[in-house]
Structures are given as structure tokens and as C-alpha cells.
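User: Could you take me through this model, with attention to how its parts pack together?

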Amino acid sequence: MQHKTISELHEMLASKAITPVELVEESLNLAKKYEFLNCFNFINEEKALTQAKNATFDPNNPLSCIPVAHKDLFCTENIQTTCSSKILEGFKPPYTATVVENLESAGCIAIAKTNMDEFAMGSSNETSYFGKVHNPWLKDHVPGGSSGGAAASVASGVVPFATGTDTGGSIRQPAALCNLTGLKPTYGRISRWGMIAFASSLDQAGPLAHNAKDCAIALDAMTGHDHKDTTSLAMEATKTVDSIDDFSSTKTLGVVKEFSGQLSSEMENAFQESIKTYQNLGYKIKEISLPNIKYSVPTYYVIAPAECSSNLSRFDGVRFGHRSEEVKNLEELYIKSRSEGFGNEVKRRILIGTYVLSAGYYDAYYKKAQQVRRLITEDFKNAFQECDLILTPTSPGTTFAFDSKGSKDPTELYLEDLFTIAANLAGIPAISIPQTFVNNLPTGHQLIAPHLNEELILQTAHHFQQDTDWHLKSPSMEDFS
Amino acid sequence: MTWEVVIGLETHVQLSTKTKLFSRASTSFGADPNTNVNLVDCGLPGVLPTVNKEAFYKAIRFGLAINATINQTSHFDRKNYFYPDLPKGYQITQMDRPIVEGGQVEIELEGVHKVINVTRAHLEEDAGKSIHDADPINSLIDLNRAGTPLLEIVSEPEISSAKEAVAYMKALHQLITFLDVSDGNMSQGSMRCDANVSIRKKGDKELGTRTEIKNINSFRFIEKAINFEIKRQIKVLESGEKIVQETRLYDANKDETRPMRTKEFANDYRYFPEPDLLPVVINDDEIAEIKNNFPELPNEKKLRYLNELKLSVNDADILSSTKSLSAVFEKLIENGSDSTLAAKWLVGDISALLNKDQVELENSKLTTELIGELLNNISDNTISGKIAKEVLEECYATGESPNSIIKSKGLKQITDTAELESMLKKIVDDNPEQVAQFQAGKDKLFGYFVGQAMKETKGKGNPEIINKILRELLAK
């Protein structure tokens, strides 16, 4: 089953080439085999096997008996949910996230919780309390982040797809670095109930899979209104997979003027190859302008930390999670529990967020950032008058070595999300799909669509994948052992 | 030196919704610790708030009653601070765009009317409770109250004495109870206020430095706390010192205010818009619905009692002044009691009993049903008014029903004319001297005969029948 897509596994199950139990067993075996990648915080062997044994395969349901791994910030009842943080080590929530429930009702069998940057704060999965994750394509190199474990678990072929979350690029950038297709839907498409918040107004769950069609299958099962999340859109679940083969109309792809000259020549060449492919497929390419896009990284690094500084206040050692021992008073309980429980990047962002919301600074930072956010959203609206989708690179480079970026200057790592952050600020859907390799390593490009237009994104990505085979490549992982 | 007092009040009213502001947990009072608590109230990782519209409807009802502007689109903000009984580390409140803005509350003090302007009224969630004395080592947390909806009503600094402050609070109390916005139960913390107090030389335009007295929860303490604070401030200023802007607590046992430790309030709350909740939009239909079902307010009630029920001004005044009295009164009439009789007993003997023990009607053993039964027995002449007092006292003390008290004590009125006549004849026969004096013109002696008759019947003789027969007998 290794490296098979959801659709392929569905065929195998339908033709009885494999039973649900065999499929789950193999997935669990692969998880053990590739333990050295450190994809998983927790492997759910017993429950997964029980579920597989009790499952009845439903040929009409594309996700029936399909193994999945969940990012370790989705709450799972009585199963540890840690956000890869010491402060939640051993925490077992008394309830389950809507996304996890939705996929379970669709027939998925969850085999594991995936490693991630602590509280989803990072672009390399290096901030995890449970250790770094190797990129299956290259040892001692990062899988990207924050959904790094999710990306590595799919890239290594342990599961055909995994759930991730994307606050500033946390699905798309690891997808690009691990040769996967990763979708960040429209804000509000997928319920945030039970998804431990990093930045509430930016966080959005989504799938990482081998191709666009698998993303569509997963998306259709993950979406739908949830009365427990007032920011979830009052809309039915998507049905993107039904129309994924519709390439009938000619689309115009906008290429962002302001992004030109930002890439190394090798990365630029890979991106130009993708543009050529689209042109050959009949797409029109048009230069468009997003005048305020240059402010997206600083804007993001005001808004996201502000929200996180407040969202993470509940981790105080009082009701759950890590509580420092031998504290003398309340203030010490807070200071010690949080100092011991949070890692450096999380602390850094809490400090930034606290600062930008403080009296006297709020107007200069937080309020200003919200204004710029509105301008960026307007830029997209204007641009979509001229094109149907926007085409950009996903990340500035390929995977990089452990500890090579951001150790001296953390903002160096923040630039990993240069191309992805704006879609979160505008709340619009975006996907990353594999393209021409650079130095034998995966790279990706991004398609951004107007609000709610996941269907168009997935059709276009699927179209691209009909004509290219980058997404079919798998890492050998030979040099790991 | 003449000093002028400037007071502004921030009143927290607990709304009488069944469930909390952002979760579906119950708001019932007095439950075992941490039982009215769900995932949202605990602030567990990954949970999200959802809005209880009922709280908005109640807030809007209050706003409409004071002629305020209703912001049909309002939003929530986060007020960030750490405290163990604040599970999320922030309180969800309305900072920038409250549901209610402006409005006026009319107060009356010794016959003088005055209007106090309201700045705003906003919705927010209450915190839980920290319990410091139940365990020798640890402080304990009870989150039952966490998330209970509060309406914070902020007045303009237009109140100029402690007595006015009390009058304002009483006016608010009347409004929120009549509007069914809150049960108004102050001893359970359903209404409490913070008082901002400052003084200035009479004629000065600028406000003096103010202090804030936190969390006062009775009318009596409001008056005492403010008066203490005024005297303290005068003393400070007259000794040439300056008022320190600070938060103070009123200690009822010592009847004084004293500063809270600075740590308890030295916070930068880092307000920002709550990203987990969309702005709350109230449409025109919802407003119309609220207006159509608007409860009758005290003034309207009073007029109706006067004009339609023909009650006396005094009775109408008293019965329309508190929600509990007017509710019982109206229920009695609805169940068939005579309005004048019901008013007489509620305002008279029943109020006297309650006042004696300082009890509210709803907290006493007297129910509407029991009172109704008593009134029925009076109306149909089963008992006289005098006996009724006895029955009421018994009923008030034990909660036993008037019917059963009348039966077990044999208090039923004697209305048998023949029986009364033979008894009265005997009284007349036994008192020839008094009869002679009466017939000679000493009218007052009539009462003597009535007294004898009542003594004989142990008060159960029907006074009207006795009077009638006596007149006939004595006229001879």
C-alpha cells in the first residue's frame, strides 16, 4: 500500500486485493519501519486495529477504511493531544475535534497523531518538544512546518493522506518540501472546534495528500457547517471531487509582479517550467499586481502573535497540562509552569503578541496590522477581476538542513512563508502542488483562488497533474538506515 | 468649605438566562461546585464560544426601556488577565461596540425627580469563584459561575449623593426585575456595583481625582460605603493632601473602605476583538418581536391599577413598586380574588408580616395559592377579617393552608341567625342595666354588647349578623 493514493487504495479494497485489517496493519508496520523520521507523537495501534476489524468496507464511500494521521493539535477523546509542547505532554482531551469526527464518519481509520512545530509555530518542525522530523527526501533536513510530521508521514507512504492546519503556510510549505499536494481551504470551510488554536482568525485545517484528487476527496469529508464554531460558514460540505475532471473553460492565471526576482535562478526555473505547463494546457498567463503584498509577513507577525498571546493564556498549569512543582504562590505557579512548559519560539511569539496589544502600542501595531490586512484582502479582490487564479511559488527554496535557518535570526525562517501568508490574511483558499525538482529535491507552486473557490483550485491542480508526473515521485529513504 | 460629590456607578446585573453566555451549561444557583460546567466553561484547549441570543434579547429589553440606542451589530472583545477562576486567561466582553448605548434612568428622591444618563450597557461573561478557606493548603476553584451572562450598566457621573446612588440602584433593580432581565437577587450576587466617587469644591468645573469602590452588593452598603468614602476624601483634601486614584474595597464589618493591593488591579488588559466570534447581528424582526412582547413597567402598572382596578393611590403605588408583589397581586386577580380585597391584604397585613422579618414575599412560606385561599374564605364569609389575621399569621409561620387551619382550629364563622339570636337574647337578658343605659341614649354601649357576643363566640360570630340582631333586640 505504500505511496498509494486514496483512490488506488479504494480500488484495492473494492477488489478485495487487500482487506481493511491488512491495510491498517501495513500502515502501522510502515509507521514503525520509518520511526526514525519521527513523524508521529503517538501511534494509535490498538484503536486503529480494533476499528479496522470492526469496519465494513463501503464501496460507495471513497474514504472507507482509509488510514489517516491527524496533526497533534486536533483533540482526540482520551488520546493524547500535545501540540508537540511540553505544556500538554500527556494531555488527554475529554472530547474529539469536529474534523476528526467528520473523517471518522467518512470511514477513515486514524492510526497516529503527527509531530508538528510546537503549537504550530514554525516552518521547519524544529520547534517540536518531541524532536525534529526528517524530510523523507533527505536525511537531517526539515520537512517544513508546522505540519511537518503530517507531510513526512504521507511522503514516506505510511498513510495516503494526513490532516494539517495552515495559519501562514503550515500545510502548503511542508507539502512543497515533501512533494505533496496540500490544500488550505477558505477560512470557515472547516470547523475549528477541537483544533487547538494558534491564531484564531488565520487557522484553517486542510488535507495533505499525493495529488489534487485525494485532496478533494478529503476536503469533501472535512468540510460542512458546525454549530459549535460560529466562524464556520453556514454551508453544506463541499463536493469538489465530482467536478474535478472539468477542464472545459479557459482560465487565466495571474502571476504576481511583486514576487518577481525573489527566487534563486534554480527555483525561478522550476517555477517557469510550471508556467509553461499551464500555457501548454491552454491557460492564459497574466501579470497582476498585489501592491500591499510586501507587507504580508510583518502584518502576519503582528496579528498571529497577538492572537496567540491570548489563545495560549489558558495554558496556566491550573486545570490541565504541565504544572510546575514546588511553587510557593500563584504568581510562581504561572511563571514556572509556563516557563518550563513552553519552548523558545512559543515564548517569543507570546512576548511579541503581548507587546503589540499593550496599551500605547495597540494602535501602532495591532490596529495598523488589521488595516493592512484589509488592504491585502482588497488587493486580492482587485486582482481577481483580472484573473481566475493566482499562481506563485510556494516557498523560496527546497528543504534545508536542520539548524541551518533561523537559529541566529528567527525572522530568517519567517520568510519561508513569504508566498503563503497572504492567503491566510485574506481568508482565501490556496493549494501547493509538486513541480520541477531542484537539485533532486521537491519544490512546489501555489494556486490561490477567490473566496470559496476550492473547486476551481482543485480542478486546475488536477489538470496540471494530468500532464506532469512530479507528484508521482516517492523518496527512497535508503540513506536513512 | 462646601464640597460637591460626583458619583458614577458601574452596575453588574446577572441575566436570568437558563444557560451561559457562551456555552449551553446551566446557570442555576447553588449547584455543587463545578457541576454547571462544560468543556467551554473550563477553557479546554480547542473549544470555542457560541453566543446565547437570549442574553442579547434581555439586554435589548433593558436598552429599550431606558430609551437607549440598540447597536444591532455589536461585537465582543477579549480582556486579558491571569486569574485561576478565569479559565481562558481572558474575559469575553464588549469594549468597542456594546449592545446598548445611551439611555436615561429616572430616579425619585424625597419627591424630587432626576434623570441619570446611562453611558452604555454591555454584555460580558462572569468569572468563576476562588475559594480560599475550604482547604488548608490549596485555593479551590468553582467554575459554576464562569460564563454566566452579565449586563454591565455604566452611568454617567451625574449622581451627587449616596442617597441618590441608592435611588438609582433601586430604579435599576425595579427595571431589571420587571423586565425579567434578572432575578435581581442581590444576596446571590445577581446585582452588584462599583462606585466611582470623587469630590470637588462647589462651583469647580473639573472633576476631582476619583476612587473606585469595588463590588458592593446591597443598597445599605452602597449608601454606607459611598458616605464613608466622601468623608474620607474630604478629610484628605482638607488636610492638604491629595486623593490617590485607586481601587478600594468596602468592609461592611468595619464600615470603611480601604485600598486593594495594587497587584489586584494593576493590569493592562490588552483588549482586542474576539476572533472566535463573529459580530452579533440583531435584525429588525427580532427587535419588533421584543417590542411586541414588552413587559408592563411599574408606571404603566400603577396607572392601570388606579384607573381600571380603582385601587387607592397608596395601594397602587406599593403594589406596582416591586415585581414580586405585583406578580402575586395579578395572579390573585387572575384566579378570581377581588382586587380591592387582595390589595388591602397584600399592602396591609401581609406586607407588615414580611417587613417585620425583613423577608421578601417570594422567600416566605406564603404562596399565591395560600393567599388566594385566605381571601376566598374572607369573601364568602367563612371567616371574619379578624379571624383572617389569625389564620394569616399561622399560615405565614407554618405554610399550612388556610382551609386546614380554619378546620383544625374550628375558626369557621357562625352565620346561623337562630343560633346567634338565642345567644344574643341571653346577653341582653343578663345585662339589664346596660340595656337601660343604652336605651337612655348611651350609644357607645353598643360596642359592649358586640364585645360580649364575640367573647361568647370566640370571635367567630359574623359581625354583620350580630350587629343586625343586636340592633333589633336593643331597639325594644
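**Contact and cores**

Analyst: The contact takes 34 residues from chain A and 24 residues from chain B, two residues being in contact if their C-beta atoms, placed from the backbone, lie within 7 Å. This is a predicted model, in which local features need pLDDT of at least 70 and side-chain atom pairs count only at pLDDT 80 or more, while totals for chains, interfaces and linings use all residues. Residues are numbered from 1 along each chain as its sequence is written, and chains are lettered from A and ligands numbered from 1 in the order in which they are written.

User: Which elements give two or more residues to the side of chain B that touches chain A?

Analyst: Elements here are DSSP runs numbered from the N terminus, with helices (H or I) of at least four residues and strands (E) of at least two. Those that qualify on chain B are helix H1 (39-42) and strand E4 (77-80).

User: Which residues have the most contacts inside the largest nonpolar core?

Analyst: Such a core joins buried Ala, Val, Leu, Ile, Met, Phe, Trp, Tyr and Cys residues through C-beta atoms within 7 Å, buried meaning that 20 or more other C-beta atoms lie within 10 Å of a residue's own. Helix H3 (residues 162-178) of chain B gives the most to this core, with 10 residues. Among its 199 residues, those with the most contacts are B:Ala165 and B:Ala195.

User: What covers the buried residues of H11(B)?

Analyst: The buried residues of H11(B) include B:Ile387, B:Val391 and B:Tyr396. Their cover includes, from chain B, helix H9 (339-357), helix H10 (368-379) and helix H12 (402-409).

How values were computed:
Buried ≥ 20, exposed ≤ 12 C-beta atoms within 10 Å, placed from the backbone.
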